[in-house]
Amino acid sequence: MYSATFIFRVKQEDENFERFNELVNRAAESNPGFIRRESWSNEAESKRAVVYYWRSLEALGEFSRHPDHLAAKQRYREWYSGYEVIVAEVVRRSSDGGLENPASP
């Protein structure tokens with residue numbers, strides 16, 4: 001399993017931001033290699049993070065080349081004052097079951 005963490009600082013949220021956000025999420029969810037998505041915010045630093053989990057790097061690569069993702073990426077300067085993407089291989093996970101997500105691998 002792989003994760004792609006998108007960390008960003010929002011500069012402006014508008015209708016286009018919301019529309020592209022929904023399109024990107026749909027693109028991820030339509031990919032057979034998509035597992036799940038989680039979102040986090042750090043209000044103290046005005047940062048947000050979205051973590052996408054994937055079955056393979058190939059599935060993640062397909063997502064990164066999806067036309068809606070590419071279109072949103074071209075316009076990022078309208079909405080973000082900075083971003084970072086971290087791709088990692090998940091080598092282990094453990095849980096007590098209290099946070100178990102139905103889409104967990």
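Figure 1. The charged end of arginine 36 lies over the ring of tyrosine 53, 4.5 Å from its centre (a charge sits over a ring if NZ of Lys or CZ of Arg is within 6 Å of the ring centre and within 35 degrees of the ring normal). The model is predicted: local features need pLDDT of at least 70 and side-chain atom pairs count only at pLDDT 80 or more, while totals for chains, interfaces and linings use all residues. Residues are numbered from 1 along each chain as its sequence is written, and side-chain values use heavy atoms, with hydrogens and water left out. Arginine 36 also forms a salt bridge with glutamate 38 (3.9 Å, N to O); the term requires a side-chain nitrogen of Lys or Arg within 4 Å of a carboxyl oxygen of Asp or Glu. Arginine 36 is buried at 11% relative accessible area, whereas glutamate 38 is partly exposed at 23% (buried is under 20% relative accessible area, exposed over 50%, partly exposed in between; 1.4 Å probe, protein chains only).

**Figure 2. Salt bridge between arginine 26 and glutamate 22.** The N to O distance is 3.2 Å. Both residues belong to helix α1 (residues 15–29), four residues apart, and so are separated by about one helical turn. Helices (H or I, at least four residues) and strands (E, at least two) are DSSP runs, numbered from the N terminus. Glutamate 22 is partly exposed, with 37% relative accessibility.

**Figure 3. Aromatic pair of phenylalanine 34 and tryptophan 54.** The pair is edge-to-face, 5.5 Å centre to centre with 70° between the planes. Rings of Phe, Tyr and Trp (its six-membered ring) pair if their centres lie within 6.5 Å; planes under 30 degrees apart are stacked, over 60 edge-to-face, and the rest tilted. Phenylalanine 34 is in strand β2 (residues 34–42) and tryptophan 54 in strand β3 (residues 47–54), so the pair ties together parts 20 residues apart in sequence. Phenylalanine 34 and tryptophan 54 are buried.

**Figure 4. Aromatic pair of tyrosine 52 and phenylalanine 63.** The ring centres are 5.4 Å apart and the planes at 35°, so this pair is tilted. Tyrosine 52 in strand β3 and phenylalanine 63 in helix α2 (residues 57–64) are eleven residues apart, and the pair links distant parts of the chain. Tyrosine 52 and phenylalanine 63 are buried.

**Figure 5. Salt bridge between glutamate 78 and arginine 75.** The side chains meet at 2.8 Å, N to O. Glutamate 78 is partly exposed at 35% relative accessible area, and arginine 75 is partly exposed at 25%.
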